[in-house]
Amino acid sequence: TIGAGSSLSVLEFSKDGNVLYVGIDGVGVYRITGINNVYKKADVAANITKTQIYSTSRAVTGIAVDQTNKQRVVVTLGNYGNTAYVFLSENAASATSVSTAAFKDVSGNLPKMPVYDAEISIMDNKKVVLGTEYGIFSTSDITATPVVWADDNSAVHPRVPVYEVRQRTFFPERRA
């Protein structure tokens, strides 16, 4: 159990399907591991581990898991009137608690607005695309200090909120 009155807001799996990150509004992010070892209900208690790795009183709006580096996870937050909306952990898969997960603010030069979702590029894991209250923003280096976000709304007029971003993972030109 996670808590009375909690609202599940987002789920995101690791590439191998063994780790599930769960965003809970007003609570934070949990990492659930051992999923690949569950075949029947009796396997749950012996194989599943639940660890809270991020804590917040705000809405958790998105989670992006790096498909080439299982330690890298981006969490996005909603709500108005805040200064930070995007957080990065480089040790999310191995952190043992909220205090060891080391999420850092990577909001950089983003306007102060809700960020609804994130995707880490499968072609270059330093590139991240965000869906925000003011459209699409991206960075070519999520690990930079500070992170510099670019406004990618040239094809979107007027600006509209973007609640979900996804990337194509099937590349027909790569077939043998």
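## A walk through the predicted model

Start by selecting Thr33, which sits in strand 3, residues 28-33. Keep in mind throughout the tour that this is a predicted model. With Thr33 highlighted, show what surrounds it: beyond its neighbours within four places in sequence, Thr33 is in contact with Asn18, Val19, Asn47, Ile48 and Thr49. For a sense of scale, draw a distance from Thr33 to Gln71; the two are 38 residues apart in sequence, and their C-alpha atoms are 13 Å apart in space.

Now select Gly34. Here you are in the loop between strand 3 and helix 1, the latter spanning 43-47. Is Gly34 buried or exposed? Gly34 counts as buried, at 7% relative accessibility. Its contacts, again leaving aside neighbours within four places in sequence, are Asn18, Asn47 and Ile48.

Next, pick Thr51 in strand 4, residues 49-55. With a relative accessible area of 12%, Thr51 is buried. Show its contacts, not counting residues up to four places away in sequence, and you will find Val29, Tyr30 and Arg31 together with Ala95, Thr96 and Ser97.

Ser97 is partly exposed, its relative accessible area being 23%. Looking back from Ser97, the residues it touches are Thr51, Gln52 and Ile53, with residues up to four places away in sequence not counted. A line from the C-alpha atom of Ser97 to that of Thr143 covers 22 Å, for two residues 46 apart along the chain.

**Rings**

Time to colour the aromatic side chains. How many aromatic pairs does a search of the whole structure find? There are 3 aromatic pairs. Zoom in on Tyr116 and Tyr163: their ring centres are 4.7 Å apart and their planes meet at 45°, so this pair is tilted. Tyr116 belongs to strand 9 (residues 115-120) and Tyr163 to the segment after strand 12 (150-151), so the pair ties together parts that are 47 residues apart in sequence. Tyr116 counts as buried at 13% relative accessibility, whereas Tyr163, at 55%, counts as exposed.

Then select Tyr54, Phe87 and Phe103, which form one aromatic cluster. One more ring deserves a stop: Arg58 lies over the face of Tyr85, at 4.7 Å from the ring centre.

**The largest pocket**

The largest pocket holds about 180 Å³ of space. It is lined by 13 residues, and those closest to its centre are Glu12, Val65, Gln67, Glu119 and Gln167. Which elements give two or more residues to the lining? They are strand 1 (7-13), strand 5 (60-65) and strand 9. Strand 5 gives the most, with 3 residues. Colour the lining by class and you will see 6 nonpolar, 4 polar and 3 charged residues.

**Backbone geometry worth a click**

To finish, turn to the backbone. Most residues other than glycine have a negative phi, and most peptide bonds are trans.

Select Thr145 and Pro146 first: a cis peptide bond joins them, with omega at about -5°. Pro146 is in the loop between strand 11 (135-139) and strand 12.

Asn79 comes next. Its phi is near 75°, a positive value in a residue other than glycine. You will find Asn79 in the loop between strand 6 (73-77) and strand 7 (86-89). Asn79 is partly exposed, with a relative accessible area of 36%.

The last stop is Ala102, where phi is also positive, near 55°. Ala102 lies in the loop between strand 7 and strand 8, the latter covering 104-105. Is Ala102 buried or exposed? At 52% relative accessibility, Ala102 counts as exposed; the cut-off for that class is over 50%.

Terms used: Residues are numbered from 1 along each chain as its sequence is written. This is a predicted model: local features need pLDDT of at least 70, side-chain atom pairs count only at pLDDT 80 or more; totals for chains, interfaces and linings use all residues. Side-chain values use heavy atoms; hydrogens and water are left out. Helices (H or I, at least four residues) and strands (E, at least two) are DSSP runs, numbered from the N terminus. Contact means heavy atoms within 4.5 Å. Rings of Phe, Tyr and Trp (its six-membered ring) pair if their centres lie within 6.5 Å; planes under 30 degrees apart count as stacked, over 60 as edge-to-face and the rest as tilted. Buried means under 20% relative accessible area, exposed over 50%, partly exposed in between (1.4 Å probe, protein chains only). A charge sits over a ring if NZ of Lys or CZ of Arg is within 6 Å of the ring centre and within 35 degrees of the ring normal. On a 1 Å grid over the protein atoms alone, a cavity is a set of points where a 1.4 Å probe fits but cannot get out, and a pocket is an open set with protein on both sides within 12 Å along at least five of seven lines; lining residues have an atom within 4 Å of a point. Grid points are joined across faces, edges and corners, and a volume is the space filled by probe spheres set on the points. Ala, Val, Leu, Ile, Met, Phe, Trp, Tyr, Cys and Pro count as nonpolar, Asp, Glu, Lys and Arg as charged, and the others, Gly among them, as polar.
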